[in-house]
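I opened the model and kept notes as I went. The entries below follow the order of my look-ups.

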Amino acid sequence: MAVWNLIETWDASPGFAMGLDEALLRSVGRPPTLRLYSWAPDALSLGYFQRFGDVPAAAAHPHVVRRLTGGGAIHHHPRELTFSVTLDADDPAYRGSVPDSYERAHEAVIRALSALGVSEVRMRRAEAVGSDLGGTGMCFHESTPQDICWGGAAGQLAKGVGTAQRRTAGRILHHGSIKLGPSPLEPEVATVADRAAEVTPVEAGRALRDGFAREFGVDLEPCEPDAELREAAEAMAGRYSAPEFLHRETRRRR
Amino acid sequence: MRPDDRKYLDSHEWAKLEGDLIVVGITDFAVEELSNGNEGDLVYCDLPDVGREVDQGETFGEIESVKAVSDLNAPVGGEIVEVNADMMEHLETLAEDPWKKGWLIKIKPTDPSMDHLLGAEAYEQQITADH
């Protein structure tokens, strides 16, 4: 059975949260790694090409970073689990098209959510969701067919997980946000607490670890980021909130 | 069979000599990999400014589909002398015609040799082997 590394970094600063994902992405030859993490303090992350001005919540938030991955803005707060998978692009787990790779990864997340007691969790496909709102620039307010949804507090189907990939130099980063409880910056989205007993990020992380292990048929070996990885992450940590990156001009329209 | 009037990178860019310039685009396979053929899934393409110098293999831009941001890599080194700004406004062109209208940039190469790139047959073999 293939072995993946498992890294857990709880209460990561926003810069380190992004820096470690990038350091893992750029670690040529590193085995597949599932990383589970949470953020402290809470922060907003913008999509790679997203205009700062398209996210009204960003202007007032004290901690905003820009991700390496696309899509919309995400609020990272104490009632959220974030995770990442980093691996070589030709690894059997992620071979095929980008949409194909999402199918398996999202099935792993669905397994985890089901194990936590969230009922009727599924990919959106052609269903309508109540979480699609205009004008916020938030990732969870714009859904696509493979997004993971379940019944939210208002009783409507809503998006509860947002994930995105970056592919570079033969490696893949696939990271995501799972909503465990609500945020005022992301109204109408689905959370675990809407359908089950709320869990902590650590508890949700255990379920996600098991979901990936079962879906991909791998063993997960806990490990700590080594000194080289940690130093690389810390060296890059300032980049994601640096003005030239955070406020860069982009012609992306939404 | 992909066009044999050009060469290919294993990262799915193509390079075609036209006069003294190298025209660069991405293959239909790359577009399919990003989007499973849903042209609406191509969201944004970031291309460089005219005048930028690139090295062979260097990332010159990025393309965002609904679910991934991927690198665009230079098959040859040189100066970027033209950029397809119209295609950036009409990304569906990449899905409709990646071989002509969907060109991305034109490079004035430092060295026009493309011997280091894959021929059409070798590229076909590679994508068959990998998937």
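Is L21(B) buried, exposed or partly exposed, and how many other C-beta atoms lie within 10 Å? I found L21(B) partly exposed, because 18 other C-beta atoms are within 10 Å. The cut-offs, on C-beta atoms placed from the backbone: buried at 20 or more others within 10 Å, exposed at 12 or fewer, partly exposed in between.

Ground rules. I am working with a predicted model: local features need pLDDT of at least 70, side-chain atom pairs count only at pLDDT 80 or more, and totals for chains, interfaces and linings use all residues. Residues are numbered from 1 along each chain as its sequence is written, while chains are lettered from A and ligands numbered from 1 in the order in which they are written.

Around L21(B). I placed L21(B) in strand β3 (residues 21-26) of chain B. Helices (H or I, at least four residues) and strands (E, at least two) are DSSP runs, numbered from the N terminus. Leaving out residues up to four places away in sequence, L21(B) touches V81(B), K106(B), I107(B) and K108(B). Contact here requires C-beta atoms, placed from the backbone, within 7 Å. I also checked I105(B): C-alpha to C-alpha it is 10.0 Å from L21(B), at 84 residues apart in sequence.

Sheet in chain B. I read an open sheet of six strands, β1-β2-β3-β9-β8-β5, with antiparallel pairing. Strands pair if DSSP finds at least two bridges between them. β1 (7-8) and β5 (53-54) are the edge strands, each pairing on one side only. Two bridges link β1(B) to β2 (residues 13-18) in the antiparallel sense. K7(B) stands opposite A15(B).

Helix pair in chain A. I found the axes of α3 (residues 98-115) and α5 (residues 201-216) within 8 Å, crossing at roughly 135 degrees. So α3(A) is oblique to α5(A). Axes are fitted to C-alpha atoms, for helices over the stretch in contact, with angles from 0 to 180 degrees between N-to-C directions. Under 35 degrees is roughly parallel, over 145 roughly antiparallel, 65 to 115 roughly perpendicular, and the rest oblique.

Between the chains. I noted 18 residues of chain A in contact with 17 of chain B. On the chain A side, α3 and β9 (157-168) are the elements giving two or more residues. β9(A) gives the most, with five. Three bridges join β9(A) to β7 (residues 68-73) of chain B, and these strands run parallel. Q165(A) has A68(B) as its bridge partner in β7(B).

Methods: Two residues are in contact if their C-beta atoms, placed from the backbone, lie within 7 Å.
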